Amino acid sequence: MAGKKREIQLQAVVNSQSLWDEMLQNKGLTVIDVYQAWCGPCKAMQTLFRKLKNELNEDELLHFVVAEADNIVTLQPFRDKCEPVFLFSVNGKIIAKINGANAPLVNQKIINLVNEEKKIAAGEMVRPQYHEIVFVDPEADDGGEVLNESVDQLYSIAIIKPDAVLNRKSLEIKQKIIKAGFVIEIEDKRVLTEQQVRDFYHRIADQPDFEDFVLFMTSGLSHILVISQGNEEQPALGETESDPETEAKEIYEDHLAMVTTPMMRKKQDSLEEYLERQHISQFCDVEENITDVNHFIDMFFPDFKNMENLKLEKILALLRPALFQEKKEDVLKIIEDEGFKILMQRQIVLSEEEAQTLCKEYENEDYFGNLIEKMTSGPSLALVLVRDHGLQHWKELIGPGSVEKAKEYLPESLCVRFAMEDLPINQLYGSDSLEAAEREIQYFFPPQSTLALLKPHVTQEQREEILKLIREAGFEITQTKEMLLNEEAAEKIYSKIKGKDFYQDVLEMLSEGPSLVMVLTKWNAVSDWRRLMGPVEPDEAKLLSPDSIRAKFGRSVLKNAVHGSSNTYEAMESITRIFEEFVPENPEEN
């Protein structure tokens, strides 16, 4: 209870416009932590604020406030944003802003401004003519008026057709969309149902070849995108904040750089017009009608409205050998409590070259040789983590690269909590950027492909449920074909049981209707798919693996819903026979 009492005394609570106006009457410097009601103030900075309050001992000049953006009209531009924002008010004028829990930068800014106030009070300097920061709503147009349109009008739905997906044009199309300033908010690969095709293309239903078009659109994998028009961003007018990246680097190179102030949205051409100019509209159909876009978002991405304010980010995290051996369970519990989901994990003994790459920031330190020796002495634990604003949150959670810096700026960080006496470094590692995370995940968790089959007796509704389970398990569906497996086609998948007594029963089962043949891709895909399928016998699956696909949808040994390759060699053999044009994500895996 004592700790809670100190927090209330440290930071005044401002949760209404009237309290905000009253707060602006403060003399001296007021440091304002702007927060959302659903995520609360930034606790990671409270230790720093308490330290500064005690060391500077300037109660008349230095004030700390937490301000709830949801209930304060002035702070409307900061609503629905998860990233912490710190405002600096001098005698009622907001003169600086820092995005993110950048402890060293915030620390330096407070010290500099307090020292200025002390000199001004002592008559040693004249008060600078600060330029006040004006908060601009990112939804405002060039005239400063709010646009008369709903949030829904920002979105378009695009479908990249099966032939484009099959010919691997999806990446090229997406890159062009992004390069033009559009933002892909969410995406998915799936085989469209007949009803979904008829709904999306209802305007051309009277064309003579529409039934053939429906067959084409349901014949393979499509790529569905929800796209918004991106924001043209520039520094705010009159802002005198020094360059954040330079200042942050001088103080603390490992921490996050500031992001620019949200600015007004610049109008762009429509997505459909852009695709036509790029001569790729024949591969990608677009819907921009507001009512239809809402309908299709609900149809394809029913949870999208709940995810709009989330920025899910995947990162690589690593527990160094000593921490992995001694405190693994403690760290994993903290990761879970902090809202991270562990998508993949593996133990790995690093080579000397790998250890040197991961420890490059310490290469000029005297202990570098000892560090490399310890990093290669036993297994480390590599993790792929995902969370809203995962990159920033992980950096704030683990703290800087050295224990000394962590104790000074973030004493509650995991770097300090799990410090080891023999090495003065952070025992946890995290990706430095999203680009680095993508490379590191690719390296430590190289993708593998396997063949998967949904059998004819699986209903359309069951297919949708199984495909959902596949996506939730982290698989990417990289290729699909719906096909009737006659004897010749079946042999491409079931060649190893061709001479078995029950093979004819298998052929008869497959001839009952079309099967959905897929290529599933992820790290460790073959064994993970077999685990998700469950035991061959559905009754055994219900007993031993009740959450498996065969336990939920299997009827008998023959009609057990799904099939999969037994090993990587068999997987690639079957895939290349069915999908002759297939190129694996990681060609060296076999």
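Me: Which residue in strand 16 is the bridge partner of threonine 480?
Reply: This is a predicted model, where local features need pLDDT of at least 70, side-chain atom pairs count only at pLDDT 80 or more, and totals for chains, interfaces and linings use all residues. Residues are numbered from 1 along each chain as its sequence is written, and side-chain values use heavy atoms, leaving out hydrogens and water. Strands are DSSP runs of E, at least two residues, and helices are runs of H or I, at least four, numbered from the N terminus. In strand 16, the partner of threonine 480 is methionine 518.

Me: How many bridges join strand 15 to strand 16?
Reply: Strands count as paired if DSSP finds at least two bridges between them. Strand 15 and strand 16 (residues 515–522) run antiparallel, and the number of bridges joining them is 7.

Me: Which are the edge strands of the open sheet?
Reply: The sheet has 4 strands in the order 15-16-14-17, with antiparallel pairing. An edge strand here pairs on one side only, and that goes for strand 15 (476–483) and strand 17 (562–564).

Me: Which strands does helix 23 touch?
Reply: Contact means heavy atoms within 4.5 Å. Helix 23 (residues 525–533) packs on the sheet, and the strands touched are strand 14, strand 16 and strand 17.

Me: At what angle do helix 21 and helix 22 pack?
Reply: Axes are lines fitted to C-alpha atoms, for helices over the stretch in contact, and angles run from 0 to 180 degrees between N-to-C directions. With axes 11 Å apart, helix 21 (residues 487–494) and helix 22 (residues 503–510) pack at about 120°.
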